[in-house]
Amino acid sequence: MGLVKLYNGPKPTVCKCGNWRMHFNNNSTQWIIWCAEVSCNRIAVNGSLVQLHEKGNAEIFVVPLCSFHEQETNVLDIGDAIPINTIILDCAKCKTH
Ligand SMILES: [Zn+2]
Ligand SMILES: [Zn+2]
């Protein structure tokens, strides 16, 4: 299980992917359609910015969540979903430009 907390600090600049959902899709080996929260069966709307519980505030990650869970203020269990770092120097999309 992976524990994350929604990030609500200043928004980092999006890379050439254009939005965080695309950045996740372009770099993840997982194809996530449903909200990453383990017990949720709603469709994932956005790539939400999160921080890993175990890493504290060091880095910002992206994970697809539904519109309900992207408002969550408590820690979320995202199970086997692997969050993608917002900062990927060789982001799959950026490399093609
Ligand atoms: Zn990207
Ligand atoms: Zn959800």
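The largest nonpolar core of the protein holds 17 residues, among which Ala-36, Val-62, Val-63, Leu-65 and Ile-78 touch the most other members. A nonpolar core is here a set of buried Ala, Val, Leu, Ile, Met, Phe, Trp, Tyr and Cys residues joined through C-beta atoms within 7 Å. Helix 1 (20-27), strand 2 (46-52) and strand 3 (61-65) each contribute at least two residues to this core, and strand 3 gives the largest share, four residues. In soluble globular proteins, nonpolar side chains tend to be buried together.

The model is predicted; local features need pLDDT of at least 70 and side-chain atom pairs count only at pLDDT 80 or more, while totals for chains, interfaces and linings use all residues. Residues are numbered from 1 along each chain as its sequence is written, and chains are lettered from A and ligands numbered from 1 in the order in which they are written.

Beyond its neighbours within four places in sequence, Leu-65 is in contact (C-beta atoms, placed from the backbone, within 7 Å) with Cys-35, Ala-36, Glu-37, Ala-44, Asn-46, Ser-48 and Glu-70. Of the contacts in the protein with a separation of 6 or more, 68% join residues 24 or more positions apart.

Two helices and five strands make up the secondary structure, in the order β-α-β-β-β-β-α from the N terminus. The radius of gyration is 12 Å, close to the 13 Å of the globule rule for 97 residues, so the protein is as compact as a globular protein of that length. This radius is taken over C-alpha atoms, and the rule is 2.2 Å times the number of residues to the power 0.38. Helices (H or I, at least four residues) and strands (E, at least two) are DSSP runs, numbered from the N terminus. Of the 97 residues, 29% count as buried, that is, with 20 or more other C-beta atoms, placed from the backbone, within 10 Å of their own.

How values were computed
Buried ≥ 20, exposed ≤ 12 C-beta atoms within 10 Å, placed from the backbone. Contact = placed C-beta atoms within 7 Å.
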